[in-house]
Amino acid sequence: MMQKIKDEEKNNSQITMIAHNITDVCGPRLTNSPGYNHALDWVTQICKTWGLQNAGREAWGEFGKGWSNEQGTLALKVPYYENIIAYPVPWCKSTNKNTRAELIMLDAFDSLTIDKMGDAIKGKIVMIKPGGTTIPDAFKAYATRYGDSSLDNLPDEYMVTRKQMESFLPFIKSNYYTSLYLEKKGAAGLLRSSNGSIDGTVFVDGGAGYAKGYQPTLPEMKTSREDYLKLMRLMKDHQKVELEMNVQNTFYDKDLTGYNVVAEIPGTDPILKSQVVMLGGHLDSWAGGTGATDNGAGCIVTLEAIRILKALGIQPKRTIRIALWGGEEQGLYGSYGYVKKHFGDAADMVLKPEQEKISAYYNLDNGSGKIRGIYTQSNPAVRDIFKAWLAPFADMGANGGVTNSNTGSTDHISFDAVGIPGFQFIQDPLEFETRTHHSNMDTYDHLSIPDLQQAAVIIAAFVYNTAMRTEMIPRKPLPKPEKFVFDFEFPI
């Protein structure tokens, strides 16, 4: 069966077709945006075409407003004309068309600094004085791969504790309300930039205006670091600077419900078919790119994995279910809502009958890199099982890396929080953190198609093995009741 899975991918791969449709055709997939809804419909249709059962949307709860950007340009007008690389921040307001205004720079982004500026802010576009005045050097490669040595001892990665989340909240809250205050004082727009936004890459995420009861902030754009530092130097030199900002957005508030999309291959064993094996990734993205590596890649790979199994005509003992999640970027909302609806609430650990019937959930959400192994999520009982399952793919670069460490900040955490075996694969880093994650470079052309094909084969194998083994995947002891790390109303 492992060879059949390899051959199906080699001879009939649909990776490029899936990738093209999710990224190029659907475009940015901000939750509840037209692009996200387009993707929900396309995934539903393609799953039905492949013969999967029960394909369609499933509501997980209330998310909030959708948003799409119709136009976003920024240009320097004085002291000379030049286009500036910039992208609107999701859920910000629109400008008056072609707003031309003088630029002003604040020493800090807080109400005290804004008050000190007084009426000078009115009608101006505002930037915040950057902490650094240079860009990172160009001598370090953007993309890397793991070596072929053992990955068994990787440390914990992407782990965000509740204490850390709580420490972030004052900053998040202050940032949101300061933006509202800046608009109240008459500012026409806001510019910001991050240290890594260099060489044509602009990192742009954030925005709280989706939540019911919270208003969108003033027009805001994230710019390239090079442009931002040039504007800073002009301002420090007391040069008059005028910009033209044109940000046109549309909000969607007719349906505030959040949706995932699911489909399945029903189990066939009279006793085991009520048990479930799940796989997936998050379908939503940010709006600066087309969400190719974050997390089109996870959706592409898991869709291809379940297509492979369906094409091979397997008769799984357990039901195999794919779920692509919404609202991950705002706090794992889609997967957490699904888990709470079907399996139980981590806050009180009152579990539902379905919780006992899910064997495992497999997630992919660390970019486009090939699979090199898997995190056990501190479940040593699965180590030997996973080692054996990876062995047939050593020639494809999956060298049996099975680490007892944890990795966090994505949708398998929702399952792990209620005692369900939830796993994330170890992937080659490539340029995920340095170039594509939450940036305008998160596009089809930054996908590694061969790596995605390799990952689809391995996930198909893991899902097949889980569906066919006599016993369910071993479980850790149930966690104690604890409010879910990402279970915050934003902003508090």
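This report covers the aromatic ring contacts of a predicted model.

## Basis

Residues are numbered from 1 along each chain as its sequence is written, and side-chain values use heavy atoms, with hydrogens and water left out. In this predicted model, local features need pLDDT of at least 70 and side-chain atom pairs count only at pLDDT 80 or more, while totals for chains, interfaces and linings use all residues.

## Aromatic pairs

Rings of Phe, Tyr and Trp (its six-membered ring) pair if their centres lie within 6.5 Å; planes under 30 degrees apart are stacked, over 60 edge-to-face, and the rest tilted. This rule gives 26 aromatic pairs. F386 and F423 are edge-to-face, because their planes stand at 85°, with ring centres 4.9 Å apart. F386 belongs to helix 9 (residues 383–390) and F423 to strand 18 (residues 422–427), so this pair ties together parts 37 residues apart in sequence. Helices (H or I, at least four residues) and strands (E, at least two) are DSSP runs, numbered from the N terminus. F386 and F423 are both buried. Buried means under 20% relative accessible area, exposed over 50%, and partly exposed in between (1.4 Å probe, protein chains only).

F425 and F462 also pair edge-to-face, at 5.4 Å centre to centre and 80° between the planes. F425 lies in strand 18 and F462 in helix 12 (residues 449–468), so the pair joins parts 37 residues apart in sequence. F425 is buried at 0% relative accessible area. F462 is buried too, at 0% relative accessibility.

## Cluster and charges

W60, F63, W91, Y210, W286 and Y333 form a cluster linked by ring pairs.

A charge sits over a ring if NZ of Lys or CZ of Arg is within 6 Å of the ring centre and within 35 degrees of the ring normal. R57 has its charged end over the ring of Y259, 5.4 Å from the centre. The charged end of R192 sits over the F109 ring, 4.6 Å from its centre.
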